[in-house]
Amino acid sequence: MEKSFDGWLSGFIGVLIFSGSLPATRVAVMDFDPTFLTSARAAIAGLLGIAMLLLFREKRPERGDLVSLVVVALGVVVGFPLLTALALKHVTSAHSIIFVGLLPLATAVFGVLCGGDRPRPAFWLFSCIGSALVAGFALSQGVTASPVGDSLMLAAIIVCGLGYAEGAKLSRRLGGWQVICWALVLALPVMLALTLATLPPSFAGVGSGAWIGLAYVSLFSMLIGFVFWYRGLAQGGIAAVGQLQLLQPFFGLALAASLLHEQVSPMMVVVTLGVVACVFGAKKFAR
């Protein structure tokens with residue numbers, strides 16, 4: 001029971017940290033190219049990851065872990081950050097945050113396929129209801145907002161769910177922070193080269209908000225958040241703790257409205273409250 005509680009607590013902290021990712025990315029892409037932002041955040045976090053691994057003298061992963069680490073790197077180091085950054089060129093962070101409500105279902109599905117989780121049928125019912133609310137919102141407003149932006153967000157959710165599940169499975173053996181650090185290190189050579197290749201000719205026009213956004217997604221979204229998140233998934237179960245992501249739109253919308261002054265429609269609030277209710281139902285039947 002204590003281990004399960006620790007897993008939920010760690011997962012909740014991770015969700016709180018991730019809630020600021022899309023608003024921070026939205027601010028950053030106003031002045032930074034999405035490709036540069038993706039590679040720069042990964043390169044900064046990768047350098048910090050190397051420092052942590054050397055400081056604590058962590059042993060290298062086994063050869064059999066490399067494929068899983070590549071999947072994690074492609075999913076959460078490259079795929080999700082790049083796809084969301086591109087999407088946020090077309091939609092607001094408040095709009096994109098609603099799609100995060102699909103992440104628990106994607107994580108649960110890949111948790112079953114990759115991690116061996118076996119939730120009860122009632123779990124899938126609540127998870128699907130929450131996801132249906134999100135899909136319904138997207139269908140009602142997505143076409144008028146931006147089909148391109150919504151398509152990019154859906155792709156981001158799929159690759160992120162896979163990265164979450166694969167990383168959680170590895171965390172049971174390697175440890176939560178070790179997994180994200182090794183994934184960042186694995187991607188570092190490519191991310192450093194890409195950062196240099198997409199380096200802006202001048203930073204004169206980059207505002208302070210964009211720099212703060214870059215700092216947040218590099219330090220918190222790309223590294224610190226995963227320390228708590230992977231630990232939570234490993235301890236509390238991928239499918240079960242993954243449902244906490246249904247709370248992320250609620251926190252994200254609050255940030256988008258308060259910090260970015262973006263419009264949060266009544267329908268967004270209704271959808272968010274609906275998926276928040278679903279997380280408690282899914283939690284009860286996760287195992």
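**Close-up views of a predicted model**

**View 1. Arg57 is an exposed residue.** Its relative accessible area is 77%, and exposed means over 50%, so Arg57 counts as exposed. This is a predicted model. Arg57 sits in the loop between α3 (34-55) and α4 (66-87). The backbone here has a positive phi of about 50 degrees, although Arg57 is not a glycine.

**View 2. Helices α8 and α10 cross.** Two packed helices are described by the angle between their axes and the distance between the axes. Here α8 spans residues 147-174 and α10 spans residues 208-236. Their axes come within 8 Å. The crossing angle is roughly 75 degrees. The two helices are therefore roughly perpendicular to each other.

**View 3. Side by side: the residues where α8 meets α10.** From α8, the contact uses Gly163, Tyr164, Gly167, Ala168, Ser171 and Arg172. From α10 come Phe226, Trp229, Tyr230, Leu233 and Ala234. By class, the contact of α8 with α10 has seven nonpolar residues, three polar and one charged.

**View 4. The largest pocket has a volume of about 210 Å³.** Which residues line the largest pocket? They are Gly20, Pro23, Ala24, Val27, Gly209, Ile212, Gly213, Tyr216, Leu255, Leu259 and Leu260. Three helices, α2 (21-28), α10 and α12 (248-259), each supply at least two residues of this lining. Helix α10 gives the most, with four residues. The lining of the largest pocket holds eight nonpolar residues and three polar ones.

**View 5. The structure holds one cavity of 30 Å³ or more.** Rolling a probe the size of a water molecule over the atoms shows where empty space is left. In the largest cavity, that space comes to about 120 Å³. A total of 13 residues line the largest cavity. Closest to its centre are Phe18, Ser21, Phe80, Tyr164 and Ser221. Helices α4, α8 and α10 are the elements that give two or more residues to this lining. Its residues divide into nine nonpolar, three polar and one charged.

Technical notes: Residues are numbered from 1 along each chain as its sequence is written. This is a predicted model: local features need pLDDT of at least 70, side-chain atom pairs count only at pLDDT 80 or more; totals for chains, interfaces and linings use all residues. Side-chain values use heavy atoms; hydrogens and water are left out. Axes are lines fitted to C-alpha atoms, for helices over the stretch in contact, and angles run from 0 to 180 degrees between N-to-C directions. Angles under 35 degrees count as roughly parallel, over 145 as roughly antiparallel, 65 to 115 as roughly perpendicular and the rest as oblique. Contact means heavy atoms within 4.5 Å. Ala, Val, Leu, Ile, Met, Phe, Trp, Tyr, Cys and Pro count as nonpolar, Asp, Glu, Lys and Arg as charged, and the others, Gly among them, as polar. Buried means under 20% relative accessible area, exposed over 50%, partly exposed in between (1.4 Å probe, protein chains only). On a 1 Å grid over the protein atoms alone, a cavity is a set of points where a 1.4 Å probe fits but cannot get out, and a pocket is an open set with protein on both sides within 12 Å along at least five of seven lines; lining residues have an atom within 4 Å of a point. Grid points are joined across faces, edges and corners, and a volume is the space filled by probe spheres set on the points.
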